[in-house]
Amino acid sequence: MTRPATFSGSPPGPPTPPALASLGIVRTVWKPGHSGLRWAVPEERRLTNTAGHLHGGYLCVMADALLGSALSTVLGPEQRAVNPDFHCHFLERAELGALLEGEGRLVHRGRSVSFLEATLRDARSGATVLAAHSIGLVLDAATRSSGTAGSDAADAGEDPPEATATQPPVLAQAVLREAAPASDTPSWNLPPWLEDFGARFTIRENGRCGLTWPIAPGRFENRAGSIQGGYLCLVADAAMGFALIHGVPGAWAMATTTLSMHLLRPASAGTTLDVEAWVERRGRRFGFMACEVRAGERLLALGRASGLLRFRDAP
């Protein structure tokens, strides 16, 4: 990956949105088809997962910003880039105190759909920690004000037919045959970011997890004023991870390996999000999960993930 250019004075490109500024992420590159970000990860426990590492959802926040920015660099002032489809692979874990550098690239710009990719790496070790890609759509001012799905006006219009999801499947005994009853599982080691967000768990069952998040203003918005999609990835990833480990004796954490999100509608500050996650398949060490993100009756996002179970007695 090309090392982002250094800069003096003000960072390049438009002002950094709250979703990035609240974390201390700064912009380093803004040129046609390319975007760059740098994050000196603070030594703050609130950013960690249950294993004490930087929560992977924060990597999604950075990656989502890189993807959208790569397309925004070639748009006019009345146009806005949206990424309704986000996919990433977690290649290495990141730690507090790391210096992360990211690059977003516009791979192909089509008349209707563009293709974007991003990578994050540890600037000190040189290791690539995450690779992501998405499609990009361009909305102009007229489209955004018309109330179509995916517009920047949160909760505008009706859900499109393709956004209707089936109810979470009933978890078959064959899928969870290796899991013990939920009552046999020790109390969860809750991640620090949960309290920082003001979120709480609402469902804690074998193979299922739910959480609710009343979104406070001023921290999580993108340039359009909607909640940055990376934060939806963060809460979805957490819910799916806890769904995987709950009910498995000795499981104390999980490592997400892949995460895919379909971001169907925007959310705004002041909205309360409800995330429900469930296990689709769980083996001895590995599992597959899915989730829905809603605001009331409105479906905002669908997610899928795969993850590796971690046990305290594992070598």
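Predicted model: local features only at pLDDT ≥ 70, side-chain atom pairs only at ≥ 80, totals over all residues.

## R46 and its partner

R46 forms a salt bridge with D196, and the closest N and O atoms of the two are 3.4 Å apart. This pair joins distant parts of the chain: R46 lies in the loop between β2 (34-40) and α2, D196 lies in helix α4 (residues 192-197), and 150 residues separate them. D196 is also partly exposed, at 26% relative accessibility.

As a general point, side chains of opposite charge can pair when their charged atoms come close. Across the whole structure, a search finds 12 salt bridges.

## The salt bridges of R105

R105 takes part in a salt bridge with E103, with a distance of 3.3 Å from N to O. R105 and E103 are both buried. For R105, the relative accessible area is 16%, which is under the 20% limit, so the residue counts as buried.

R105 also forms a salt bridge with E117, where the closest N and O atoms are 2.9 Å apart. Here the link runs between two strands: E117 is in β5 (residues 114-122) and R105 is in β4 (residues 99-109), 12 residues apart. E117 has a relative accessible area of 33%, so it is partly exposed.

## The chain as a whole

The protein chain contains five helices and 12 strands. Of its 315 residues, 53% are buried. Among the contacts with a separation of 6 or more, 68% are between residues 24 or more positions apart.

Helix α2 has 17 residues. From its first C-alpha to its last it reaches 24 Å, close to the 24 Å expected at 1.5 Å a residue. How much of α2 is covered? The helix is mostly covered, and 17 of its 17 residues are buried.

Helix α2 (56-72) also contributes to the second largest pocket, as do α5 (229-245) and β9 (251-263); each of these elements supplies at least two residues of the lining. The volume of this pocket is about 470 Å³. Its lining consists of 26 residues, and those that lie nearest the centre are N49, G56, M254, A255 and T256. By class, the lining residues divide into 14 nonpolar, eight polar and four charged.

## P18 in helix α1

P18 lies in helix α1, which covers residues 18-21. With a relative accessibility of 31%, P18 counts as partly exposed. Setting aside residues up to four places away in sequence, P18 touches G218, R219 and E221.

P18 and Q228 are 210 residues apart along the chain, and their C-alpha atoms are separated by 9.1 Å.

## Two glycines

Is G210 buried or exposed? G210 counts as buried, because its relative accessibility is 0%. This residue is found in strand β8 (residues 208-214). Apart from neighbours within four places in sequence, G210 is in contact with R200, F201, T202, I203, V275 and E276. G210 and E276 lie 66 residues apart in sequence, with a C-alpha to C-alpha distance of 4.3 Å.

Where does G283 lie? G283 is in the loop between β10 (272-282) and β11 (286-295). It is partly exposed, with a relative accessible area of 23%. G283 and L244 are 39 residues apart in sequence, and their C-alpha atoms are 10.0 Å apart in space.

Technical notes. Residues numbered from 1 in each chain as written. Heavy atoms only, no water. 1 Å grid on protein atoms, 1.4 Å probe; cavity = no way out; pocket = protein on both sides within 12 Å on 5 of 7 lines; lining within 4 Å. Points joined across faces, edges and corners; volume = space filled by probe spheres on them. Helix = DSSP H or I, 4+ residues; strand = E, 2+ residues; numbered from the N terminus. Nonpolar A, V, L, I, M, F, W, Y, C, P; charged D, E, K, R; others polar. Expected span 1.5 Å × (residues − 1). Buried < 20%, exposed > 50% of the residue type's maximum accessible area, 1.4 Å probe, protein only. Salt bridge = Lys/Arg side-chain N within 4 Å of Asp/Glu carboxyl O. Contact = heavy atoms within 4.5 Å.
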